[in-house]
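Dear colleague,

Please find below the structure that I am handing over to you.

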Amino acid sequence: MKEEKLTKAFLLSCLGAVLILINGLIIALNGAPLMVSSGSIAPEMVLSSDAPLWWRISFGFRGLVEGPLMILWLIFAVIILFSALMFYIKPIKRKTLGMVIIAFSILSIPTGGGFIIGLILAIIGGGMVYEWPKPARQTFLGRLIRVARLDPKMYSSFIEELKGLKPAAFTIIFVNILSGLGIGLYSFNARKILDAATPISTSTRIILFGDMFLDQEILVLPITFVGIAVVKWIILSGIMYIIGVKIIASKSEFEKIGRAIALAYAPISLQFFMPFIFTSKPNLAGWPLTLFLITNLWMILALVIGLKQCLDISLGKSLGVVSLGGSIYWLTNQLIFVKAFGTSSGIPSSAFMIFPLPQIPGIIQFAIEPPELVFMFMSVIIILAILLGVFTKH
Amino acid sequence: MKIEKWTPPIILILIALIFTILGFYLPWWSIKMAPESEMALNGTARADYGLLQVVTASRTIRNDTQLTAVPIANLTKSQEDLNAIASVFNSTFALVVAGLVLSLASLVLVIISIRGKPMRRLATLATLLAAFLLFIAPLYITSTLPTVAPKLTSLIPSTLVPNNPPFWLNQTLLVKPKDITGFWGSIKIPSSSEFPAWVRDGNFWMWGPASGWLLTFTASLLLFVATTLINQIFVKE
């Protein structure tokens, strides 16, 4: 049995490493990232205002994969392979080897991460190596995947097993850094495309050839907003605690609710993959909006399941708690963060941001106008919450 | 499913052997049009330099593709220049051959070692030496090729250029051998009205290692991994 798990962890990491190596070799051979697109488009058309919807996925970023640098990416892929093989032959330093596999898999992202699949396999394999001989389903990553699949039982055990608020706070920080990096890189390059002063050749290089321009702002933004993200998480947990424990009178603790909320934030980390996909100019804002809606909807669903398990209430009631708590949080977020920081950064004060970062410069702004519409929306939510039994004692 | 401990290093050596053999036939260095210039000009041209001192070149104009293969000797004007260029390729070739022979030897020695014969130290040493030689070969050509490339008369065989070439194919002649200052490199699209605005400042030609170079380099890395694994298995046993 133990041998079987060893082989499974080894094979997953090995397969991931091989895919990362193949991806690296293809990129090195091409001298440019691998591109998958929705079809051919005339380069003159891609930036015109009446361009049809065209998208491309770039496995790797140009500017980071050419020249002697590509030797480094090949060495990284071989290091993953080496660690997987070493673990199989001598599973003693499994923690170090697991960490090496995960770290170098993440480092393969600029080359396309083994067509993304390799990255995912190597990270899962690396996690299994780190926690060997635990079965795949019981490892941290295995459980995270089950949580992402909205498995209610997994939620209960995950929330119970974590101790204190420290892991939850780290989850929030980790998720915000990942999504912040993705958003930062995407919005910086999208802004370059939209900027009239940018030469047309630069914009074409980003969209058609996978060039990525970097700036210190991309790194600074996610780090700057980590503190705000944690404060916002505490506020949301507090609101949910008051509704769940004080109004509904369920038996739960602030810590558990905080953990459930932190866990529900996990899908937001998928926003990291935003810069891999670009669309033609008129749809530049359409793609991130789709990803935002999907990840936020996923987060809301995870929150509903998490609070249901945490407060031991029905699914409908949990939906009511999330609707009411979420809208109060939304309003608080607007009053505290958007009004305080948004105006100075050029965002209209009426903008209501629903994602962890207070702003995505120049690209996406969620605004409901006129302000009366917000109050009408709140009224509907409160009536819905009453109908779902939020104000009925447990 | 149980995988024998010896299987991974043997597979690695086998893959390294295949990569090295392929490396003899595949190009080691190439110069080609950058993706943006290919798209802008609706055509392409490239030249690949192999270890066997043959330049394989191709060009496509409006779906019409033409291929040609000429010895490097045809691209030099004096015997002295040819000797200088040939010595780079010959030395690399010798390093790869030595690496290949040692890889084969290491495979045989590892297989013998599984049966308990006293060849274990020799197997580790042979694999390490093979890895080292195959590592040195790409590095050697990387450092020496740019020094001899300016001795070529042209980088792309002139037979590829038709009688009435499109303007951009004439531009191929703009890439002079003296432009090759490094193993990796590129030249920008000239600021000419004949090029569309969206491609300006982009790369016109780019050069760098080709598949043979990459496979041999990867083979050396795999052999280094195999050496460590073989050593670990011996220590364990």
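An axis here is a line fitted to C-alpha atoms, for helices over the stretch in contact, and angles run from 0 to 180 degrees between N-to-C directions. Helices (H or I, at least four residues) and strands (E, at least two) are DSSP runs, numbered from the N terminus.

The model is predicted, so local features need pLDDT of at least 70 and side-chain atom pairs count only at pLDDT 80 or more, while totals for chains, interfaces and linings use all residues. Residues are numbered from 1 along each chain as its sequence is written, and chains are lettered from A and ligands numbered from 1 in the order in which they are written.

Helix packing in chain A

In chain A, helix α8 (residues 166-194) and helix α12 (residues 254-264) cross at roughly 25 degrees, and their axes come within 9 Å. The angle makes α8(A) roughly parallel to α12(A) (under 35 degrees is roughly parallel, over 145 roughly antiparallel, 65 to 115 roughly perpendicular, and the rest oblique). The crossing of α8(A) past α12(A) is left-handed (the near helix is turned anticlockwise from the far one by less than a right angle; clockwise would be right-handed). On α8(A), the contact is made by A:A168, A:T171 and A:I172, and on α12(A) by A:G258, A:R259, A:A262 and A:L263; two residues are in contact if their C-beta atoms, placed from the backbone, lie within 7 Å. By class, this contact has 4 nonpolar, 2 polar and 1 charged residues (Ala, Val, Leu, Ile, Met, Phe, Trp, Tyr, Cys and Pro count as nonpolar, Asp, Glu, Lys and Arg as charged, and the others, Gly among them, as polar).

Helix α7 (residues 152-161) of chain A packs against helix α13 (residues 286-311) of chain A at an angle of about 60 degrees, with the axes 9 Å apart. That angle makes α7(A) oblique to α13(A). Here the crossing is right-handed. The residues that meet are A:P152, A:Y155, A:S156 and A:I159 in α7(A) and A:I305, A:G306, A:K308, A:Q309 and A:C310 in α13(A). By class, they comprise 5 nonpolar, 3 polar and 1 charged residues.

Chain B

Chain B has 6 helices and 6 strands, and along the sequence they follow the pattern α-β-α-β-β-β-α-α-α-β-β-α. Of its 237 residues, 44% count as buried (20 or more other C-beta atoms lie within 10 Å of a residue's own; 12 or fewer is exposed, and in between is partly exposed; C-beta atoms are placed from the backbone). B:T147 lies in helix α4 (residues 120-148) of chain B, and this residue counts as exposed because it has 12 C-beta neighbours inside 10 Å.

The 6 strands of chain B form an open sheet with antiparallel pairing, in the order β4-β3-β2-β1-β6-β5; strands pair if DSSP finds at least two bridges between them. Strands β4 (64-71) and β5 (185-188) of chain B stand at the edges with a single partner strand each, so one side of each is left without a neighbour in the sheet. Within chain B, 5 bridges join strand β1 (residues 27-33) to strand β2 (residues 43-50), and B:W29 stands opposite B:Y49 in β2(B).

Contact between the chains

The contact takes 28 residues from chain B and 27 residues from chain A. On the side of chain B that touches chain A, α6(B) gives the most, with 11 residues.
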